[in-house]
Amino acid sequence: MRIIPITLPTPFYIGPVNVYLIAEDPITLIDTGPKTKEAAEALRAGLRSAGFLTSDIRRIVLTHAHEDHCGLAKSLRDEAKNADVLVHDWETGHRSGRLEHEEHRTLLVRAGVSDTEIEAMRRVYEGVRLYGDSFAEHEYSALEDNTELEFESGALKVVHTPGHTPGSCSFVREADRTVIAGDCVLKRITPNPVLSPDPIDSAKRFPSLAEYLVSLARLRTFAPTLVHGGHGDCINDFEELFNRYLRAIQQRQGQVIGLLPKAGATAWEISRALFPDTDDVHRFLAVSEAVAHLDLAHSEGKIEVESRNGAEVYRTPGAG
């Protein structure tokens, strides 16, 4: 199976994004890059160098629905004469922009974010949304865990790996233990566990970090020999990276717990202490990080939580 990485520019702080061409029937593109002229031109150039045109694409598969990964999906589908688009049902970024719905505001209020700050975050994401088009429900099909994407000479197993987003998926070629992991596994950074409503009950918060740890452990069971991530270099030493991720998560959780004052603090207050200089989209990502670690610490009995004026306040047991 020919898996051809194509690196595309993005306008985001994360830098270039990797998309992957599966160069055998049905010709498949995993992720698309953002909706920019520069990314579209780079993608066409990458396809040409591999001997293909956009019209050859028969299937577009999304690891997750952030704009740097899904932004060009709709225009590519149209150029390719209605190629199939597949994404997990728990994803929402291809249907509407982030923070548009009331359940997002509710989660931010619970995290202690002020109305003024919430509106500023929404305005930022209105700008981000320009880098991707929305899909109607009938314009894509659902990826299902443990099914296979079949090709002429083999298959990629769909592995639901929630954490970075609820519907994030990885794809495993079991014949040689190659993995295409999107943003679930990145060589030089730990993926952000983005604050999201629970896909089954939107009144609840998705336990992103706990789910992410399960996803990492599940990928580990395949004993990957090569992992293609959504950004940066490929990974040949998954076991080392797995243990580095665990250490980083443990260290960050210790840091978060250590920042809790006796009177307690909201996730927003912890995020400002952790990342005092963040601005723009990073303020939402910072509070996402704080919530994720506080949720995990609470689930493990390391901290307590109570509601004060609609916001969740965390403290160490016996404090206050």
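The following conversation goes through parts of a predicted model.

Colleague: Let us begin with the open sheet. How many strands form it, and in what order?

Modeller: The open sheet has 6 strands, in the order β1-β2-β3-β4-β5-β6, and their pairing is mixed.

Colleague: Which strands stand at the edges?

Modeller: The edge strands are β1 (3–8) and β6 (141–143). Each has a single partner strand, so one side of each is left without a neighbour in the sheet. On average, neighbouring strands of this sheet are turned by 25 degrees against each other, direction ignored.

Colleague: What holds strands of a sheet together in general?

Modeller: Strands of a sheet pair through backbone hydrogen bonds, either parallel or antiparallel.

Colleague: And in which sense do β1 and β2 pair?

Modeller: β1 pairs with strand β2 (residues 17–22) in the antiparallel sense, over 6 bridges. As one example, the bridge partner of Ile3 is Ile22 in β2.

Colleague: Which helix lies across β1 and β2?

Modeller: That is helix α1 (residues 37–49), which lies across β1, β2 and β3 (28–30). Helix α1 runs at about 155 degrees to β1.

Colleague: Where is Pro16?

Modeller: Pro16 is in the loop between β1 and β2.

Colleague: Is Pro16 buried, partly exposed or exposed, and why?

Modeller: Pro16 has a relative accessible area of 46%, so it is classed as partly exposed. The residues that Pro16 touches, not counting those up to four places away in sequence, are Thr7, Leu8, Pro9, Thr10, Gly230 and His231.

Colleague: What separates the C-alpha atoms of Pro16 and Thr63?

Modeller: Pro16 and Thr63 are 47 residues apart along the chain, and their C-alpha atoms are separated by 16 Å.

Colleague: Moving on to helices. At what angle do α8 and α9 pack?

Modeller: Helix α8 (residues 267–274) packs against helix α9 (residues 281–299) at an angle of about 115 degrees, and their axes are 8 Å apart. The two helices are therefore roughly perpendicular to each other. Their crossing is right-handed.

Colleague: Which residues make the contact?

Modeller: From α8, the contact uses Ala267, Trp268, Ile270, Ser271 and Arg272. From α9, it uses Arg283, Ala286, Val287, Ala290, Val291 and Leu294.

Colleague: How many residues of α8 are buried, and what covers them?

Modeller: α8 is mostly covered, with 6 of its 8 residues buried. Those buried in α8 are Ala267, Trp268, Ile270, Ser271, Arg272 and Leu274. Their cover includes α5 (115–128), α7, α9 and β13.

Colleague: You mentioned α7. How do the axes of α6 and α7 cross?

Modeller: Helix α6 (residues 208–220) and helix α7 (residues 238–258) have axes that come within 11 Å and cross at roughly 165 degrees. That angle makes α6 roughly antiparallel to α7. The crossing of α6 past α7 is left-handed.

Colleague: Which residues meet there?

Modeller: On the α6 side they are Leu209, Tyr212, Leu213, Leu216, Ala217, Leu219 and Arg220. On the α7 side they are Phe238, Glu239, Phe242, Tyr245, Leu246 and Ile249.

Colleague: You also mentioned β13. Which strand pairs with it, and over how many bridges?

Modeller: Strand β12 (residues 304–308) pairs with strand β13 (residues 311–315) in the antiparallel sense, over 5 bridges. In β13, Arg315 is the bridge partner of Glu304, while Tyr314 stands opposite Val305.

Colleague: What lies between the strands of that hairpin?

Modeller: The hairpin of β12 and β13 has 2 residues between the strands, and Asn309 in this hairpin takes a positive phi near 55 degrees.

Colleague: Is β13 mostly covered or mostly open?

Modeller: β13 is mostly covered, since 4 of its 5 residues are buried.

Colleague: Last topic: Arg173. Where is it found, and is it buried or exposed?

Modeller: Arg173 is found in strand β9 (residues 169–173). Arg173 is buried because its relative accessible area is 15%, and the cut-off for buried is under 20%.

Colleague: Which side chain does Arg173 join in a polar contact?

Modeller: The side chain of Arg173 makes a polar contact of 3.1 Å with that of Asp176. Not counting residues up to four places away in sequence, Arg173 touches Met1, Ser153, Ala155, Leu156 and Thr178.

Technical notes:
Residues numbered from 1 in each chain as written. Predicted model: local features only at pLDDT ≥ 70, side-chain atom pairs only at ≥ 80, totals over all residues. Heavy atoms only, no water. Buried < 20%, exposed > 50% of the residue type's maximum accessible area, 1.4 Å probe, protein only. Polar contact = N/O pair within 3.5 Å; in protein donor to acceptor, adjacent residues only side chain to side chain. Contact = heavy atoms within 4.5 Å. Pairing = 2+ DSSP bridges. Axes fitted to C-alpha atoms, helices over the stretch in contact; angles between N-to-C directions. Parallel < 35°, antiparallel > 145°, perpendicular 65-115°, else oblique. Left-handed = near helix turned anticlockwise from the far one by under 90°.
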